[in-house]
Amino acid sequence: MAMTKIRLLLGDQLNLQHSWFHEVDDNHVYVLMEVRQETDYVLHHAQKILAIFAAMRDFAKQLRERGHKVHYVHINDATNLHAIPANLDALIETYQAREVEYQMPDEWRLDQQLYKHSRMSSIPWRMVDSEHFYTSRHQAADIFMGRKQWLMEFFYRQMRTQHQVLMDDKKPVGDQWNYDHDNRKPWRGTPAEPADVRTMHDHSALWDDIVNAGIASFGRPQEREFPWPLNREEALEQLNAFIQHGLPFFGDFQDAMSSKAWRLFHSLLSFALNVKMLNPREVVHRAETAFREGKVPLAAAEGFIRQILGWREYIRGVYWNFMPEYAEKNFFNHQRVLPSWFWNGETKMNCLSHAIGQSLEQAHAHHIQRLMVIGNFSLLAGLQPQAVHQWYLGVYIDAFEWVELPNTIGMSQFADGGLLATKPYVSSAAYIDKMSDYCKGCHYDKKQRIGEKACPFNALYWDFFERNKRLLAKNPRIGMAYRQIEKMDEKTIHDFKHQAQKILDNLDKL
Ligand code: FAD
Ligand code: SF4
């Protein structure tokens with residue numbers, strides 16, 4: 001007798017190239033489900049819910065077109081139990097299934113849930129590889145075994161060698177591993193930002209479904225002109241355009257920020273990568289080929305490849321090695337709640353108004369906006385790292401916990417005490433002014449340190465180092481800041497502290 005097998009697909013497992021789909025088998029039922037469990041574990045940006053549901057619906061359609069049997073649970077189906085295990089149990093009954101298979105989840109929460117439920121089931125459950133990443137969950141831990149600090153660069157070089165990416169046999173191409181120093185130019189308007197080639201969709205019917213289901217969200221839905229890719233084909237078009245028009249300048253302007261161009265030369269591929277429409281190998285291969293064919297400079301190709309082959313895989317390794325404790329880290333014991341303008345962008349600080357405003361509008365901000373504007377302020381102001389993490393997890397189109405959490409808790413908030421970052425990523429107005437045009441139009445004065453008009457970053461910066469002396473002064477990479485504080489007279493320090501306290505007492509009004 002034929003044995004029906006249920007194969008579960010999570011919303012970020014839309015990988016058409018997975019070996020599951022190499023053959024059509026009538027005994028395999030592919031299950032996708034839109035459930036409140038997944039929409040409600042954090043308050044999400046409207047575009048994030050729309051993008052995932054739309055891509056799931058399209059994926060189901062494509063599987064059916066290829067002859068696969070699909071069971072799709074819609075958000076408003078009367079029989080939807082809104083939890084993955086409960087829906088699966090019901091489907092096991094419906095199909096009289098004899099086995100469940102699922103792909104390795106990327107999130108701790110789902111991994112635990114499915115594992116625990118599988119142990120209570122009367123039929124066997126089997127977890128298979130998601131066939132997406134370069135590394136296994138624990139490869140980074142093996143690479144860093146016995147080391148106190150997890151240096152990304154060390155991991156990255158191993159990846160380059162193991163996968164022979166940008167290598168001439170045993171040596172890195174160009175005899176240098178990392179061209180980060182060449183990648184720090186501000187952008188003054190030229191070259192022009194490439195056109196936005198993303199396909200626009202009308203998702204108003206799906207948006208009605210989401211609203212009718214009563215799902216809470218924030219940010220602008222853009223449901224009539226929805227810009228995120230629906231499927232692999234659209235993601236590949238986006239990749240092609242990026243390789244041609246964005247990548248040549250990616251290196252130079254990777255850290256630049258501008259109020260006139262929100263995308264600059266970034267790929268905007270993180271959503272497509274994280275839901276697995278694209279495989280990291282093909283993206284890396286395209287960048288390397290463009291360099292080998294003389295179409296992009298080495299520094300640009302290397303800088304881009306480092307983000308994917310290096311950072312992305314490394315971050316995943318951090319997540320799987322240090323969860324679940326990592327989520328609770330709070331090195332500085334920061335406890336402040338998020339200011340209200342995190343939810344509407346209405347602050348007089350131009351840099352934050354732009355970075356947060358854009359995040360609410362586009363469900364996207366690029367790395368330096370996330371790290372050196374929003375994250376920088378959050379750390380200086382002592383916002384509670386778990387609240388900051390929840391905000392980042394909700395707001396960005398590409399935010400899935402395995403990648404968002406170590407970036408926020410570790411890299412951005414230094415809440416792990418320096419496992420991931422060698423020093424806290426904080427700055428005064430000087431860095432933001434150097435890398436952007438934000439300060440020019442700002443209500444605050446980037447040069448002033450004290451007074452009503454003084455840029456809040458300035459006093460907060462010194463106050464941060466001063467109040468955390470016990471925890472940071474021994475760090476050799478921060479010696480400079482403490483040497484400068486030592487040179488300050490008592491009155492200057494007192495004035496800074498007083499100014500910082502006034503700011504901290506009035507965060508909502510900044
Ligand atoms: P590009 O600048 O074009 O870079 C190419 C690709 O490299 C990205 O698509 C991404 O897959 C990868 N990448 C780059 N930097 C990182 C990084 N630090 N960690 C992992 N992958 C990286 N990225 C996410 O995918 N999801 C998140 O939830 C997320 N949260 C972040 C939170 C904070 C506080 C910070 C500082 C960074 C976060 N990042 C996150 C990393 C990075 O900011 C985004 O990957 C990037 O901005 C996505 O835009 P893009 O595709 O245009 O990237
Ligand atoms: Fe931001 Fe300060 Fe510059 Fe204003 S002056 S944009 S608050 S860094």
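This is a predicted model: local features need pLDDT of at least 70, side-chain atom pairs count only at pLDDT 80 or more; totals for chains, interfaces and linings use all residues.
Residues are numbered from 1 along each chain as its sequence is written, chains are lettered from A and ligands numbered from 1 in the order in which they are written, and side-chain values use heavy atoms, leaving out hydrogens and water.

**Stop 1: ligand 1.** Select ligand 1 and what surrounds it (heavy atoms within 4 Å). Now show the side chain of His-266: one of its polar atoms is 2.7 Å from an oxygen atom of the ligand. For His-364, an N or O atom of the side chain lies 2.9 Å from an oxygen atom of ligand 1.

**Stop 2: ligand 2.** Next, pick ligand 2. The residues around it include Met-349, Asn-350, Tyr-438, Lys-446 and Phe-457. Helix H12 (350-362) and helix H16 (429-435) each give two or more residues to this shell. Helices here are DSSP runs (H or I, at least four residues), strands are E runs of at least two, and both are numbered from the N terminus. Colour the shell by type and you'll find ten nonpolar residues, one polar and one charged.

**Stop 3: Gln-413.** Go to the loop between helix H15 (401-412) and H16, and select Gln-413. Is Gln-413 buried or exposed? With a relative accessible area of 2%, Gln-413 is buried (buried means under 20%, exposed over 50%, partly exposed in between, with a 1.4 Å probe and protein chains only). Its side chain has a polar atom 3.0 Å from the backbone oxygen of Gly-375, and it also reaches the backbone nitrogen of Leu-379 at 3.3 Å.

**Stop 4: helix H14.** Finally, select residues 385-395, which make up helix H14. Nine of the eleven residues are buried, so the rest of the structure largely encloses this helix. The buried ones include Pro-385, Val-388, Trp-391 and Tyr-392. To see what covers them, show strand S3 (44-45), helix H2 (46-65), strand S9 (217-218), H12, helix H13 (367-380) and H15, which are among the covering elements.

How values were computed: Ala, Val, Leu, Ile, Met, Phe, Trp, Tyr, Cys and Pro count as nonpolar, Asp, Glu, Lys and Arg as charged, and the others, Gly among them, as polar. A polar contact is a pair of N or O atoms within 3.5 Å; within protein, one must be able to donate a hydrogen and the other to accept it, and residues adjacent in sequence count only if both atoms are side-chain atoms. Contact means heavy atoms within 4.5 Å.
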